[in-house]
Amino acid sequence: MRAQQVAGIVLAATMAAGLAAGAMAQTPAPYVRVFVDNQPVTFDVPPVIMGGRVLVPLRGVFQRLGAVVAWDDTTQTVLAQRGPTNVSLRIGSTQAMVNGQPASMDVPAVLVSGRTMVPLRFVSQALGTQVAWDAASTTVSIVSQAGIPPTQAYPPSQTYPPTPPPSQTYPPVAPPSQTYPPAPPAATSSLQGTVLSVNPQGQIVVQSGGSVYTYQVTPATAISRTNASTGAGGSVALDATQPGDAVAIVASQNGVAQSIQASYAETSGIVSSISPGAIGLQNGTSYRMNPSAAVVQSNGAPAALAPGETVVLRLNPLTSEVWGVRVQQAAMRPIGPVQISPNRPLGPGDTLTVVANGPAGGIASFTIGGIQGNLPMAEQPGRPGTYVGTYTVRPGDIIQNAAVTVQISAGGQSQTASAPTSVTINGTPRAPIISSPQNGAVVELPLTVSGRAAPGSLVQVQVNYTSTVLLFNVNGSLGTQTITADQNGNWNATFSQEPAVRRGLTMTITATVVDSSDHQLSPASTVTATVQ
């Protein structure tokens with residue numbers, strides 16, 4: 001028998017148990033025997049009769065026919081696919097879908113003892129098989145290959161025999177009225193399992209049950225891959241299959257694959273929890289992760305997995321085990337309005353404060369056009385996504401209508417935004433104040449000069465002297481010092497140099513604010529004093 005090709009389907013999971021079967025009464029079918037291609041099918045739950053139709057456990061027949069079967073617990077829907085034909089049946093409904101088109105059934109699919117029971121004739125015929133009924137032996141014969149005729153045509157209007165009274169004792173099972181010849185030795189074998197690895201040189205390794213099989217792939221091997229969540233897919237190269245795919249392989253007896261049909265499923269959500277071997281999503285679902293599952297970004301680069309990430313999970317459609325995680329790069333939250341204060345022209349020592357809102361956990365900075373760039377901003381404790389930065393105007397900072405621009409980077413993305421108003425800075429500093437000695441004071445040597453200026457500014461202090469000795473004018477200097485005003489704006493300088501003469505000296509003390517190159521920035525302050 002030529003093995004039928006199978007395709008992937010949606011949301012495979014273990015068949016749900018326990019719901020009550022439909023609205024119509026169900027009774028065990030009297031000694032109904034089911035043969036598929038002359039091979040008996042054994043059921044763990046016996047067939048039942050409902051509304052004059054025989055219903056059998058879905059998996060036993062469908063998997064014998066080479067169909068792939070899945071169960072969607074959310075919608076209580078059974079899905080089956082054999083070759084190009086797919087069928088969906090919702091528990092309790094007489095409306096089915098065959099290749100996306102509606103089709104009616106005499107009776108609905110039901111759940112009995114945890115097994116999905118389906119109307120045998122409808123689904124078998126929908127999957128492209130032939131069904132025959134032998135009333136004498138209460139035998140259903142299903143033929144999956146063309147060319148093997150059924151034993152007896154079953155008129156569409158005929159119904160199955162009614163259920164005998166419960167008190168009746170059934171005789172031993174009668175043999176079928178027709179004995180099919182033994183099946184010829186199989187030239188091929190089929191296997192369903194999970195892809196473990198793919199060798200681009202032409203090998204695929206599959207695990208089925210507790211065994212591992214290696215198949216050789218040739219250019220003649222027909223390979224397809226289907227997204228079971230959407231039904232999209234088609235012919236692919238061998239390297240398009242991935243570890244974790246559910247796969248159905250038809251191979252020759254020497255291990256050469258004739259056809260490979262792979263399928264996978266996808267689901268997405270926001271990660272709520274991560275534990276060894278499991279991942280939970282915010283929608284309440286949890287999935288077991290295969291130890292070899294790869295975690296990558298949308299661009300394929302390796303990625304870290306953390307709660308709050310938006311992910312797409314690649315699942316094996318038969319086990320719902322996660323074999324791949326793709327971390328989605330969500331659109332970055334835009335930067336909110338940029339606020340600056342105070343909203344007035346600034347001078348030396350004034351502090352400009354910049355506030356902006358954006359994505360939490362980012363790195364932020366701001367730039368004052370023409371003066372400073374990449375000034376750091378800190379995310380505020382208890383206020384995720386709110387960033388604050390400051391800048392203290394220095395002497396010499398001079399700019400008119402400068403733009404203030406904020407940049408925030410988060411999650412590999414970056415955005416910028418500008419304040420709606422500009423800033424003007426006049427960094428011409430005021431003249432420093434000389435508080436000691438006061439103008440006209442009598443002083444002693446060594447001389448200490450102190451005063452105030454903008455915090456952090458450089459103050460250059462110079463002390464010159466003049467005197468008259470025997471009608472000669474004597475001029476000199478005690479030197480020049482540059483000191484830095486402390487955080488409170490205080491500064492002082494001590495001059496210890498000995499002048500050429502002491503008596504009658506007039507000291508001229510000058511203080512100015514300078515830059516680091518000793519260029520004068522402010523007007524000078526001057527006081528005079530005499531030496532005692």
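This is a predicted model: local features need pLDDT of at least 70, side-chain atom pairs count only at pLDDT 80 or more; totals for chains, interfaces and linings use all residues.
Strands here are DSSP runs of E with at least two residues, numbered from the N terminus.

Take the loop between strand S35 (433-436) and strand S36 (441-443): that's where Pro437 sits. The peptide bond joining Ser436 to Pro437 is cis, with omega at about 0 degrees.

Next, some backbone angles to look at. Asn38 isn't a glycine, yet its phi is positive, at about 70 degrees. You'll find Asn38 in the loop between strand S2 (33-36) and strand S3 (39-40). Asn401 is another non-glycine with a positive phi, about 50 degrees in this case. Asn401 belongs to a strand, S31, which covers residues 398-402. Is Asn401 buried or exposed? Its relative accessibility is 55%, and since exposed means over 50%, Asn401 counts as exposed.

Last stop: the surface. Val469, Leu470 and Phe472 together make a nonpolar patch of about 340 Å². Phe472, one of the three, lies in strand S39, which runs over residues 472-484. Phe472 has a relative accessible area of 60%, so this side chain's residue is exposed by the over-50% cut-off.

Key
Residues are numbered from 1 along each chain as its sequence is written. Side-chain values use heavy atoms; hydrogens and water are left out. Patches are made of residues with over 30% relative accessible area and no salt bridge: like charges are joined within 9 Å, nonpolar side chains (Val, Leu, Ile, Met, Phe, Trp, Tyr) within 5 Å. Accessible areas come from the Shrake-Rupley method with a 1.4 Å probe; for residues, only the protein chains shown count as cover. A salt bridge is a side-chain nitrogen of Lys or Arg within 4 Å of a carboxyl oxygen of Asp or Glu. Helices (H or I, at least four residues) and strands (E, at least two) are DSSP runs, numbered from the N terminus. Buried means under 20% relative accessible area, exposed over 50%, partly exposed in between (1.4 Å probe, protein chains only).
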